[in-house]
Amino acid sequence: MNQALLLLIPFATPFIAAIAASFLPTKARNAAATLASAASLIGVIALLCLYPVIASGQVARFAVEWLPTLDIAFRLRLDGFAWLFALIVQAIGALVVLYARYYMSPEDPVPRFFSFLMAFMGAMTGVVMSGDMIQLVLFWELTSFFSFLLIGYWNHSESAQNGARMALTVTALGGLCLLAGVVVLGRIVGSFDMDVVLASADLVKNSPLYLPALCLILMGALTKSAQFPFHFWLPRAMAAPTPVSAYLHSATMVKAGVFLLVRFWPVLAGTPEWGYIVGGAGMFTLLFGAWTAVFQNDLKGLLAYSTISHLGLITLLLGMGTPLALVAAIFHIVNHATFKASLFMAAGVIDHETGTRDLRKLSGLRKTMPYTAALAIVAAAAMAGVPLLNGFLSKEMFLAEALQAPEGRDFSLMVPILATVASALSVLYSVRFIHQVFFGPPATDLPKSPHEPPRWMRFPIELLVLICVVVGTIPALTIAPVLGFAVKSVLGDATPYYSLSIWHGFNLPLLMSFIALIGGTTAYVLFGKRINRADKAWIVGRFSGARAFERAMRWLNISAEWMVLQLGSKKQQWRIRVLVIAAILAGLVAAGFGGLGMKEAGITIQRPGIGFTLIWIVASVCALAAAWQAKYHRLAAVILMAGCGVVSALTFVWFSAPDLAVTQILVEIVTGVLLLLGLRWLPKRSVAMAPSKTDFASRRRRAMDIAIATLAGLGMAVMAFAVMTRPGGSHLSSFLLEESYPRGGGRNVVNVLLVDFRAFDTLGEITVLGIVALTIWALLRRFRPAEESRGITEQRRVQDRHDKQHEQRQSGDTLRETMLIPSVVMKWTFPFIILLALHLFLRGHDLPGGGFAAGVAMSVAFILQYMAEGARWVEERLRIRPLYWIGGGLLITTLTGMASWLFNYPFLTTYFQYGSLPWVEKVPLATAVIFDLGVALLVVGATVLMLTAIAHQSLRTAREIEPVKAPEEGV
Amino acid sequence: MEIILAIGIGILTASGVWLLLRPRTFQVIIGLGLLGYAVNLFIFAMGRLKAGAPPLVHPGKVDTSAYADPVPQALVLTAIVISFALTALYLVVLLTARGITGTDHVDGHEAE
């Protein structure tokens, strides 16, 4: 199999499995677990197939262009270290999946759990295998996101909600810092490609931007790896189901931080800044975590703080900056992943089988759960650093490195002492864990009677503990080669000599180990009872990062509310006022700085014609009258507004825009119909309702609004005049005029622009149109009209009364008589308007017309029928399905665009040819015409849907009033 | 010509803005309509005013100065259709709000 495919498999399979699992039914626990374990096993196999490549020291790569202009690509890059990490992610993932199958309750929506878990695995693999820094940050944030979903999986529990939110806030914030950091780093190096970055160590370290980049990247790494002072989210994240804790919070996600430190180690490490920040954070976290872990009474809490402490240990090693410390760090990452994952699983088993995780309640479980006890004891011993187990080896290396702390630093003696103290604390909490849970008299007050877990639930723990033992006893035969190429891929030629043997003779590190073992055990014997009685950790227990975080969040909320209260307004009118004033000010500022440039430009003015002046006098009167009358005389306002519309259409004709004029007139018709339909449902506002005397405040408001409106109008007028009077013509319009016929095959440049040059834009616009139509339709399905406008309209009541007074007349006669001639006319215009629409459409490419105009014209034809005879009459005879028109239009336009892919052209490339049809003469046969057809269909559908949706309200309310015999109501 | 159109655009804008600032929903819809005309004409005017020169080219060599600018025209054409959709959406929201709140004030309740 080729290398690229092998690289893609471990990355893509989890995502595919995640999507597949999300489609499984809620109860499909086994199917989801099978899918997930298959996916992770496939990943493991693919990685193992890549072993020969990696072992030979090569780097497997795969790249696809993503944003070439920014030099960002999708790059997969797998070197020895990434391979080791990816294997941990996939292999422990497989074990966790098996474990979770038994852990999760059948009542929970388990497929969702596995879907999230797989998505997380994919994201984590993405982080590890990223060959591009931006891509790395992307997957980094994805791990935070899926971790949020997994912690909050039991979304009814409040602690899960809070824990998830806290974890997301802290780690995602760190992720944003990391993004900023890699952008700075990318700027220093000039590339986001990991290979280039890793090869530019000197360039980076000598750059003045080194410190900002370092701090930002460390913010990301330290938050993710729960280093002090960002450690507090990890214990809260223990509200997650235990498989999640075993996977994310011991083996993988929290390791992403130290992974990042190792990844950038060659570029960033080795400076004093690195040493102080990373080493300091690591040392403090190591001690703080271990100390706090000692006092935890919750099993998972103890493991969480122990994880924090061990991550601190790894961070401290990385902070030392020596190659040997790096070797120890990588080794400890692997070891910690194995023993801590197995311990979390064991804790989950205990919780599952006894119903509690409280160390003070648990006791004597070795009698009822002997296998689990044995496994947990071995794993805890590895955690404590007992010889012949893997934890011992890396801890020994750590102590040796602590002794080697570089000279010249003031605290060179402090480091080995503190390291020994931390090791002793680690022994103390391990012993406490084992002794409390498994030894002593069997507990009697447990919620469930304890027994061994199912066979296959124990299997993952057995396998991990076996690894602990095998690596601990024969390291040279097992871990050595893998560790070898992992280290070499980071350090290259600087790889130091190191020995993985168990026995190095009697030396100082061994002595420190024994002091720690004995000291820790002795401390437990002396203080064990008092520790059990303590509510919180001695000395440091009073300081809580989580509480500080919550206080900060509350403060943030309060100040945000305060800002809204101070700056916002609940009054719509004030908001609009502020917007308009801001726009005016922006215009004034621009004009003030740049000037209007009236003098520089050669002004050309055309003399005003009388006709043009007259129509604009009409329009101005119409506009002012509409503004004056819109409150009490709505019908008049609608008509006056239409007057302005007609004048603007005439202006378009006057100044050579026939397409615009046609569209404007047609749209004017449908807008008029629309507003008239709407008026039926808007109760009258009569002048009598107005207060007789306006008070001073409202007079002042009006004066202010008049001032604002005048200023706005003046500004627009001046700007329009300033632009219109200077010479025009741009390269763009010249290009379009010249190329319209040769490249677009059409003489009507505006139409060619719409359906060819700017077709993508048009596609977006008609999509908006379709969405708006659907929104209107949806809004009106549950429409409740105003109380006052329910029932029959006043006009109708007058007509009915008149009909009733005369014996020979039937109800509805007056309406029929009034509408007789208009309705005949309207009915007979139907075929002609359709013919007009067809005409507009066909000539659109060469002469004024086109899809938009044709669509609106067609919808006018339909709506006229509704007006003539009412909705029911029309729909008995003609089934218009606007939804199909909208869908069909979108489909046609999109497919036309995609068809060009078949010929290897970009989306929406047009093809044209002139052909001649009999009797119609020469017609353009461009694919753009098909696109235009889609536009026309959609416009018809959308317009008809909007208008008929409102028109149908009359039918509906009529039904509600007279359920038996509903008279037909003209629209 | 330019001065007339500029004044016209100004008056349309002023009327529209005045109505936008009114408290009744129907006033706002008329205001949006008027402001829409003003803005469309303004964009159209950015292509300068040229009478008797519609951008309908003839095959062959094109004298670009003999035609009106097609770019603002294409922009305005879609804007006209979209502004219709906007008016329709606003109208339906207005009617629904009137039904739910029992008032046609833009805040959903009468001012105190």
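D298(A) is partly exposed, with a relative accessible area of 24%; partly exposed lies between buried (under 20% relative accessible area) and exposed (over 50%), using a 1.4 Å probe and protein chains only. The model is predicted, so local features need pLDDT of at least 70 and side-chain atom pairs count only at pLDDT 80 or more, while totals for chains, interfaces and linings use all residues. Residues are numbered from 1 along each chain as its sequence is written, chains are lettered from A in the order in which they are written, and side-chain values use heavy atoms, without hydrogens and water.

**Salt bridges**
- D298(A) forms a salt bridge with R357(A), with the closest N and O atoms 3.0 Å apart.
- R357(A) lies in the loop between α17 and α18 (365-368) of chain A and D298(A) in the loop between α15 (272-294) and α16 (299-320), so the pair ties together parts that are 59 residues apart in sequence.
- Helices are DSSP runs of H or I with at least four residues, and strands are runs of E with at least two, numbered from the N terminus.
- R357(A) is also partly exposed, at 23%.
- D705(A) and R22(B) meet in a salt bridge of 2.2 Å, N to O.
- Because D705(A) lies in helix α31 (residues 696-724) of chain A and R22(B) in the loop between α1 (2-20) and α2 (25-45) of chain B, this pair joins two chains.
- D705(A) is buried at 0% relative accessibility, and R22(B) is buried at 8%.

**Nonpolar cores**
- A nonpolar core is a set of buried Ala, Val, Leu, Ile, Met, Phe, Trp, Tyr and Cys residues joined through side-chain atoms within 4.5 Å.
- The largest core has 209 residues, and those with the most contacts inside it include L78(A) and W233(A).
- Helix α17 (residues 323-354) of chain A gives the most to this core, with 19 residues.
- A second, separate core of 137 residues includes F612(A) and F26(B).

**Chain B**
- The secondary structure of chain B comes to three helices and zero strands.
- Buried residues make up 64% of the 112 residues in chain B.
- The C-alpha atoms of chain B fill a box of roughly 65 × 30 × 15 Å, taken along the principal axes.

Notes: Salt bridge = Lys/Arg side-chain N within 4 Å of Asp/Glu carboxyl O.
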